[in-house]
Amino acid sequence: MNIFNQTSELASDVANHTVAGAKDIAEQIKRGWDSKTEGIEVPDWLQKILRQDQSSSESGHGSSDSGGSPKQSGGQAVAAGATAAAFGYAQSSEDDTRSVMQAAKDDQMMILTKKMIEIRRILQDVGQSDTLTLPSIVVIGSQSSGKSSVLEAIVGHEFLPKGNNMVTRRPIELTLVNTPEQSSEYGEFPALGLGKITDFTQIQRTLTDLNLAVPTTDCVSDDPIQLHIHSPNVPDLSLIDLPGYIQVVGEDQPIELKQKISDLCDKYIQPPNIILAISAADVDLANSTALKASRRVDPRGERTIGVVTKMDLVDPERGADILHDRKYPLRLGYVGVVCRVPHTTGIFSRGSGNLTNAITRNEQAYFSAHPEEFGPASATNVGTTTLRKKLMQILEQTMAASLQGTSDAIHQELEEATYEFKVQYNDRPLTAESYLAESLDAFKHSFKEFAEHFGRPQVKELLKQELDQRVLDLLAQRYWNKPIDDLSQPLPEPDSIKDLPTADPESLFWHRKLDASASSLTKQGIGRLATTIVANALQSHIDRLITESTFSSHPFARQAITDAAAGILNDRFYSTSDQVENCIKPYKYEIEVDGSEWAKGRENVAKVLKEELKACDAAIRQVEEHVGGKRKLKDVMGFVERVRKGETIVDGDGSSGAGGFSSALLQKGREAVFLRDRADIIKMRLLAIKSKQCSTKQNKYHCPEIFLDVVADKLTSTAVLFLNVELLSEFYYNFPRELDIRLGRRLSEAEVERFAREDPK
């Protein structure tokens with residue numbers, strides 16, 4: 001069947017049924033409203049839906065039944081039971097006090113919310129989650145404010161990560177799905193493919209592992225974790241749990257952590273999301289970080305619900321005053337909860353049932369004991385059941401208000417996709433064979449563009465960069481390094497490179513040192529090294545092209561393309577490396593340098609040394625940050641220097657510390673001394689290279705850096721000639737043909753069909 005038509009029909013059906021269903025819902029509720037209650041104003045959210053289509057509105061007014069509410073079918077009865085469970089009535093001893101009309105309205109709006117959440121899931125599956133912005137409830141609060149307890153009370157299970165250190169490091173996008181037709185409860189991680197998980201302790205362990213995978217140097221990440229929980233006891237809600245605000249940064253945490261958390265939360269609490277601001281009752285609301293954050297993005301308090309936890313830790317009068325707060329008014333109000341369950345064997349114990357049951361019983365016992373402060377006449381909102389109901393109603397109203405915008409966005413995307421299809425395929429049927437052929441042609445085209453921009457100049461640059469590092473290693477090993485020994489033995493001063501500018505031009509010591517260095521450079525296996533560098537670069541570029549192509553969502557095709565590239569490179573590897581090695585053999589015995597080569601090497605090696613000097617300075621700054629500042633590092637380095645000069649005697653080898661410094665700190669001090677000395681040597685050699693002495697090739701023994709750079713450049717130029725002929729040209733010729741074989745002729749019709757179905761779009 002035509003893939004595009006399937007996608008178009010599915011999206012169009014979702015868009016049309018969403019709007020039509022919402023209008024039907026509105027009309028049914030309107031009829032119930034008119035028949036059951038006279039003289040009561042229709043709510044704003046219902047008026048918005050009714051105004052979307054005047055004809056539907058008129059039809060709704062004209063079809064009201066004077067005989068009372070419509071009869072419930074079997075499906076509606078199930079839905080009624082579902083909303084009762086979702087609101088929390090079925091889980092506690094509290095009776096469902098809703099009227100028939102109110103229950104019907106809740107049922108219909110619950111269906112609307114479920115449909116909208118399903119649309120979000122579909123968009124995530126096809127990689128279009130950014131196309132539509134559907135509202136979610138974002139949960140923010142300080143650490144230890146009871147944020148996790150509130151979410152677990154809504155779900156009915158302990159499932160969120162817990163620990164002494166900061167455990168929640170990534171946003172958790174929590175989707176609750178009410179399943180009245182099932183008795184089982186389970187969670188799913190859509191991005192991980194772990195299947196249905198019925199053990200909520202396993203969900204907790206998985207969330208903990210995913211959060212702790214964030215490096216301690218970052219502490220927080222904006223990469224969300226998606227978790228879906230299906231249960232007959234949860235409402236249809238879309239929640240986002242964020243890392244808790246902190247006031248003080250720990251020693252093992254980055255200094256910018258506080259700002260990182262604030263920025264992450266600010267990203268999620270933007271419109272149209274609803275903010276669930278969690279504050280503890282024993283903390284003054286004036287100091288609530290959650291309310292301060294919500295006030296920045298929602299100054300009028302129109303999208304914020306205040307949740308006050310730990311109500312049992314303050315006097316009832318104080319608790320009632322908090323819920324009636326006038327200094328920080330919220331249009332959606334405050335809800336007081338007691339989500340802590342006493343660990344006892346009495347009537348309030350959690351037992352083996354749903355966690356919400358125990359919490360609800362505990363809350364009822366506490367709030368009913370203070371009827372004057374929290375009773376019906378007090379006009380306060382208290383209890384987890386009230387919170388669940390409030391969240392459902394507000395999310396439903398927000399979803400309903402965004403219906404028309406959602407419908408318009410879906411239709412706009414459909415029109416753009418239809419136009420793109422017409423331009424790209426000229427309304428031709430898109431079959432599995434044509435999809436594979438077009439994908440393969442597009443990949444070949446991108447490969448051709450890459451081949452045109454990756455030739456001899458790019459290969460030469462890659463190889464020269466590697467040989468520059470080998471030259472620096474040889475210089476460090478044979479000219480620059482001072483042996484690093486233990487602190488108990490002052491080091492004798494070796495033959496110093498400081499003496500090189502004034503050394504005798506006929507000195508055998510310096511002659512042998514340069515000759516040995518050049519010999520080491522030419523005999524490092526240049527053929528194998530050069531071939532490996534180019535082969536790895538080609539394979540890396542092929543992987544990048546796969547990621548950027550339609551093949552990125554096709555595991556079989558990805559593997560086939562990777563194997564095709566690896567097969568060609570492996571076949572050519574040994575012959576290419578042997579050819580390169582044979583061609584550079586003359587440089588192993590004698591190297592002639594002319595004036596232009598010397599001048600070019602002099603210029604290049606100066607750039608290389610400057611980059612190395614920058615790397616040394618950066619490494620020293622890292623050591624300073626690690627030990628706690630320049631002053632402390634200076635003290636450690638001073639002690640190390642005194643020991644090296646013999647001015648201070650250390651008992652033993654210093655492995656247990658010395659001079660009031662730990663062994664780890666002394667090691668950092670040695671490292672800093674080494675880096676400082678290396679930087680000083682590089683500065684000295686840069687001055688030598690720029691001097692008149694190093695302007696001519698006759699003084700090559702006084703300027704080993706320039707001579708070795710010339711050798712590296714000769715090796716590079718020779719190797720590139722044969723790499724281009726033996727490896728690059730062969731790869732560029734054979735790779736497209738190998739693709740035709742692996743992704744064309746060898747595939748059966750069933751494999752082609754399976755390939756096309758791998759792409760969810």
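Predicted model: local features only at pLDDT ≥ 70, side-chain atom pairs only at ≥ 80, totals over all residues.
Visitor: Why are helices α15 and α18 called oblique to each other?

Guide: Their axes cross at roughly 140°. Angles over 145 count as roughly antiparallel and 65 to 115 as roughly perpendicular, so α15 and α18 are oblique. The crossing of this pair is right-handed.

Visitor: Where do the axes of α15 and α18 run, and how close do they come?

Guide: Helix α15 covers residues 432-453 and helix α18 covers residues 526-548, and their axes come within 10 Å.

Visitor: Which residues in α15 and α18 meet?

Guide: From α15 come Phe 443, Ser 446, Phe 447 and Phe 450, and they meet Leu 538, His 541, Ile 542, Arg 544, Leu 545 and Ile 546 in α18. This contact is made up of seven nonpolar residues, two polar ones and one charged one.

Visitor: What makes strand β5 mostly covered?

Guide: Buried means under 20% relative accessible area, and five of the five residues in β5 (residues 237-241) are buried. One side holds Leu 237, Leu 239 and Asp 241, the other Ser 238 and Ile 240, and both faces are covered.

Visitor: How do you know that β5 pairs with strands β1 and β2?

Guide: Pairing takes at least two bridges. Strand β1 (residues 137-141) is joined to β5 by three bridges, and strand β2 (residues 172-178) by five, so both count as paired with β5. β1 runs parallel to β5, while β2 runs antiparallel to β5. Val 138 stands opposite Ile 240, and Ile 172 has Asp 241 as its bridge partner.

Technical notes:
Residues numbered from 1 in each chain as written. Heavy atoms only, no water. Axes fitted to C-alpha atoms, helices over the stretch in contact; angles between N-to-C directions. Helix = DSSP H or I, 4+ residues; strand = E, 2+ residues; numbered from the N terminus. Parallel < 35°, antiparallel > 145°, perpendicular 65-115°, else oblique. Left-handed = near helix turned anticlockwise from the far one by under 90°. Contact = heavy atoms within 4.5 Å. Nonpolar A, V, L, I, M, F, W, Y, C, P; charged D, E, K, R; others polar. Buried < 20%, exposed > 50% of the residue type's maximum accessible area, 1.4 Å probe, protein only.
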